Amino acid sequence: MNELLHDLMKLQALEFGEIKEKNAEATIAELRGKIPPQILGHYDRLVAKGKKGVAAVRNQVCTGCHMRVPIGVVATLMHDTDIQLCENCGRYLYLSDTTGIKAPEETAKRKPARKARTPKSSLQMVSTPSPAMPLAINEFRPGKLHPGLRPIPG
Ligand SMILES: [Zn+2]
């Protein structure tokens, strides 16, 4: 794993009391000395908001905000080339052990060319419901005659 990311995770685990060490304070100070101030500053801002600064990616989803992480970001994490931020919540991301995503080289099995095409049933037209009765029907009142029209006396 990326050393910087590892330091961040350890720092968070210590600060959140997830791991106990005898000299936690000293370790925290040491880690804070190692992590570049820019990254530490971002981490601290997240923590100040009550968030964790580092979140795992599981099944290509950020566990901090449950939003999908772009595959390019996951790929970068897999190759340990750089640290990555979640585009949505801004947390530093690390790959959880249970991602289930393997490096592309390992999953390069070619799929069988194509499945036999099943004939698609023709799309049915979705008929929009039309009003059952014409609206004009209410205007036709056979019982009433126009006041001007009187029956002609016999
Ligand atoms: Zn996120």
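In what order do the 4 strands of the open sheet stand? Let's find out. One caution before that: this is a predicted model.

The order is β2-β1-β4-β3, and the pairing is mixed. That is the sheet. Now look at its edges. β2 and β3, residues 84–85, each have a single partner strand, so one side of each has no neighbour in the sheet.

Let me step back to the whole chain. The protein chain holds 4 helices and 4 strands. Follow the sequence and you read α-α-α-β-β-α-β-β. Of its 154 residues, 14% are buried. Now take the contacts between residues at least 6 apart in sequence. Of these, 54% join residues at least 24 apart.

Back to the strands, pair by pair. Strands of a sheet pair through backbone hydrogen bonds, either parallel or antiparallel. We have an example of each.

Start with β1, residues 54–58, and β4, residues 92–95. They pair in the parallel sense, over 4 bridges. Find Val-57 on your screen. Its bridge partner in β4 is Leu-95.

Now the other neighbour of β1. That is β2, residues 61–62, joined to β1 by 2 bridges and running antiparallel. Here Arg-58 stands opposite Val-61 in β2. How many residues lie between β1 and β2 in their hairpin? There are 2. One to look at is Asn-59, in the turn, with a positive phi of about 50°.

That brings up backbone angles. Most residues other than glycine have a negative phi. His-66 has a phi near 65°. It is found in the loop between β2 and α4. Asp-80 has a phi near 55°. You find Asp-80 in the loop between α4 and β3.

Are these two buried or exposed? His-66 is exposed, because 11 other C-beta atoms lie within 10 Å. The limit for exposed is 12 or fewer. Asp-80 has 12 such atoms within 10 Å, so Asp-80 is exposed as well.

Stay in the loop between β2 and α4, residues 71–78, and find Thr-63 there. Thr-63 has 17 C-beta neighbours inside 10 Å, so it counts as partly exposed. Which residues does Thr-63 touch, leaving out those up to four places away in sequence? They are Ala-55, Ala-56 and Arg-58. Also look across to Ser-96. It is 33 residues from Thr-63 along the chain, yet their C-alpha atoms are separated by 9.5 Å.

Next, the helices. Take α1, residues 3–15, and α2, residues 24–34. Their axes come within 10 Å and cross at roughly 150°. The crossing of α1 past α2 is left-handed. Who makes the contact? From α1 come Asp-7, Lys-10, Leu-11, Leu-14 and Glu-15. From α2 come Ala-24, Thr-27, Ile-28, Leu-31, Arg-32 and Lys-34. Sort that contact by class and you get 5 nonpolar, 1 polar and 5 charged residues.

The largest nonpolar core has 15 residues. Those with the most contacts inside it are Leu-8, Val-57, Cys-62, Val-69, Tyr-92 and Leu-93. Which elements give two or more residues to this core? They are α1, β1, α4 and β4. The most come from α1, which gives 4 residues.

Pick out Leu-93 to finish. Leave aside residues up to four places away in sequence. Leu-93 then touches Ala-55, Val-57, Cys-62, Val-69 and Val-73, along with Leu-77, Gln-84, Leu-85 and Cys-86.

Definitions and conventions:
Residues are numbered from 1 along each chain as its sequence is written. This is a predicted model: local features need pLDDT of at least 70, side-chain atom pairs count only at pLDDT 80 or more; totals for chains, interfaces and linings use all residues. Axes are lines fitted to C-alpha atoms, for helices over the stretch in contact, and angles run from 0 to 180 degrees between N-to-C directions. A crossing is left-handed if the near helix is turned anticlockwise from the far one by less than a right angle, and right-handed if clockwise. Two residues are in contact if their C-beta atoms, placed from the backbone, lie within 7 Å. Ala, Val, Leu, Ile, Met, Phe, Trp, Tyr, Cys and Pro count as nonpolar, Asp, Glu, Lys and Arg as charged, and the others, Gly among them, as polar. Two strands pair if DSSP finds at least two bridges between them. A residue is buried if 20 or more other C-beta atoms lie within 10 Å of its own, exposed if 12 or fewer, and partly exposed in between; C-beta atoms are placed from the backbone. A nonpolar core is a set of buried Ala, Val, Leu, Ile, Met, Phe, Trp, Tyr and Cys residues joined through C-beta atoms within 7 Å.
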